[in-house]
Amino acid sequence: MTTPQEKKILIVEDEAPLRQALFDKFSREGFQVVQAKNGEEGLVVAVEEHPDIILLDIIMPKVDGLAMLKSLRNDEWGKDVPVIILTNLSDAENVSKAMESGAYEFLVKSDCKVNELVNRVKSKLGIS
Amino acid sequence: MTTKFIILFLTISLIPLAIAIYVSYDSSKMVLEEETARYFYGIIDNKVNQIESYFSDRKEEAATLVKIPTVVESLERFNGIFQKMGAKSSEYKTLDKEIRPFLTYFQKASNYVDLMLVSPNGDLLFSVNNREKKAGTDIFAEDVNLKALFNKSKILLETEMSLFEYYPENQKLYAYIVTPVLKEEILIGFGIFRIDHEGIFDIIQDYTGLGESGETILALKNGNNKAIFITPIRHDPEAAFKREIILNSDEQTDVQKALQGQRGWGIATDYRGKEVLTVWRYLPVFQWGMVVKMDLVEVLEMVEGFKTTLSVISLILLIMIVLIALLMVHSVSGPVKKLTRVAADISRGNLSARAEINSGDEIEKLAQSFNQMTDSLLKTQENLKEKSKDLANNLENLSREKQKVVQAKERLDTVLYSIGDGVFVVDVDQKITIFNQEAEIISGFSANEVINKKYSRNLKFTTREGEKEKMNNRFIQEAVEEGEIKKISSKVFLISKSGKKIPISGSAAPLKDNFGKFIGCVIVFRDVTKEREIDRAKTEFVSLASHQLRTPLSAVNWYTEMLLNEDIGKINKKQKEYLNFLTQANNRMVELVNSLLNVSRIELGTFTIEPEPTNFTEVADSVIREQNQQIEGKEIRLTKDYGLNLPIVNADLKFLRVIFQNLLSNAVKYTPEKGSVTLSIKEEKNDILIKIQDTGYGIPQNQQSKIFTKLFRADNAREKDTDGNGLGLYIVKSIIEQAGGKIWFESKENKGTTFYVTIPLSGMKKKKGAEVLAG
């Protein structure tokens, strides 16, 4: 039985309040949480920390989510890590781009509750 | 035809005539010759008789002469003296002197060459030509024949004549007549007369009946191989004893034959080289050959005369024949010519001409039929005149129509070339027949390059499917196959001549003729690069805008959620209440943003419909469960009325959900507490009919028409519930209609509203788009 404590989550989100909300929530749930505020940082942190799952925003300054995802997938380790795209974009183009780039799931922030998010992550990581 | 007839006639009549003439001429010639020959026979025989007569007369003469007493006496005396004294005695001489003149007289008178008195023994007693023959000479010495003659006469005591002998030195023919002299029936001596043949010259030279050219030839064999003419002849007076012919030659075969003892006649060539009719015979008595001949020309003179007569007769006949022929021909050709003239007249256009022929024969019948034919011709002509008038009218009309057509075409051409969109038309073989200016500009091809060629040769349409591109000319084919106007999909590009990919928009419409037969397709298209860019800009803007709008909303959402969750600490009732209001308000915003996004997608046409087999009742139930809270909160009695055995219909799940969500939430929202809502799903004709009936506030009559418009909310709805955004029904209607269904409602204020939705059993129409609905 896996516990949240054993798992590390990387949150890549440029909006501070949103990042904070996620960080707080997942921390409360017991996960190890690391964060980055753009794609560039995200890559660095990901490679350093080797999270078990990444929550990735798309619209970010410097390097956006999809670019980071692409780069990530080119990495030896990075190509396998599950990535949930968490964005407020909902157009099909971005969806397909994300999925083609290797995203595990595509969620629209304003349409989902944090609890839902937590549940999905838990289920992906095999936590009950 | 007259000529033909005459020629025929003449040929038929002249040939026998000619034959007849020839035959008659020929036979008359023959007859004439025969007749002439016969005649000549007469002449020749006559002449021979004359000759024989003449010599017979000479014999007679001689015989008579010696009967003259003087002569007897003379003979006696001579004989006496000769016997006693001989011829040389003087008594003889005296006697001679005495009697000579007397006997000479006789000799001369009878034209004897010589008159001789001879003793019964044959002694010459006296000869007038005593120079040659002196008395006492042996006259028989040289002349054997004479002796023979003498003996004959002596034996027979008859007057005998010898044959003539030819004496070339004298060029004379002599013969002897020996006649016994009798005194008292006692032979006392003989008279021997020598004669020549010139007495017959007259007979020979008698040309009676011998015309101008006829002559008689008398000839004598002279030697073995020659014959000599013994008389002068007409055409050669010197011929006597001069002209010879060689026997067994081709000369004077008539003379030769005569000398051979033959008798005959024929046509031969004489010594002059002229053709003669000749008759010959032999005079056995004299051993002469005689020929009577006449120039054939002269013989046939008669025939010539006949010939002339014949010619005249035949000429007359000829003229008669020609006249008869002409007459006959005229009797036939006359009417025929008349008929011909009438025919010519008719052919010139005078249809009133008729042939009047009363010949009582087939030609008359012909003329009658001819006239009948002309009558019917006249009628036909009149009919034709009528028809041609009609035709002329039609032609006029047609030409006017043509004019109109030409004008219409010109207008069309002008219009085509002025149209601001590209237009091209393909025929049944997919060859381009019309290509307007705008099409040239967009495609980069000139009309000349593409006209009469298959459009696919030059105009290449492609679609982008994801990253892939493929040829897509299907819209033209689909238009043709389905017989309907087909819009060019928004993903279609046209590759220009220069290779540039130009996004186009437009449609293909099949062209049919009056009988519904497909005759081509007209395609109208626009370069929508700008529009696409604008659309893309809009989409991007909307996307971005909604993103920006959503971001703060997400923050509010999560924090309020976490607060309500009591993640940060317990909250009291009032806190909860406030937080709930917040949540509600936030949800409204989220809802609005989603709706706006959808509206923009609908407006831009970028949304997708992806039908899959769907169980409508299941979806309905799911939506009902979702809204359970609201339903129970207002104590609404929800009744489900589902048809039995509803078919599975192709529908886009998300759409269907949106439809149910929208209508159900409206029904619940705008029905007061404890009201009722009925949801029925039934199969109706070719559709699934969804009916949502509520007992709510209804829609005011004067606002019903605006219900489906964007952002519209009826006044009473606003009063009752501030929560709606007025986009729901617009979105639902747009989707339903895009999917091939219908939506309408019935409503009475304060009574209730019923919304009807039909989705065809054939399913929602698939629509390709870039987006799915948000929310």
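**View 1. B:Glu746 stands opposite B:Thr754 in strand 27 of chain B.** In this predicted model, where local features need pLDDT of at least 70, side-chain atom pairs count only at pLDDT 80 or more, and totals for chains, interfaces and linings use all residues, residues are numbered from 1 along each chain as its sequence is written. Chains are lettered from A and ligands numbered from 1 in the order in which they are written, and side-chain values use heavy atoms, with hydrogens and water left out. Strand 26 and strand 27 (residues 752-760) of chain B pair in the antiparallel sense over seven bridges, where pairing requires at least two DSSP bridges between two strands; strands are DSSP runs of E with at least two residues, helices are runs of H or I with at least four, and both are numbered from the N terminus.

**View 2. Five strands of chain B form an open sheet of mixed pairing, in the order 22-24-25-27-26.** Strand 22 (637-642) and strand 26 (742-748) of chain B are the edge strands, each pairing on one side only.

**View 3. Helix 20 (residues 728-739) of chain B lies across strand 26 and strand 27 of chain B.** Helix 20 of chain B runs at about 140° to strand 26 of chain B, the angle being taken between N-to-C directions on a scale from 0 to 180 degrees, with axes fitted to C-alpha atoms and, for helices, over the stretch in contact, that is, with heavy atoms within 4.5 Å.

**View 4. Helix 14 (residues 529-564) of chain B is followed by B:Glu566, whose phi is positive, near 65°.**

Note on methods. Expected span 1.5 Å × (residues − 1).
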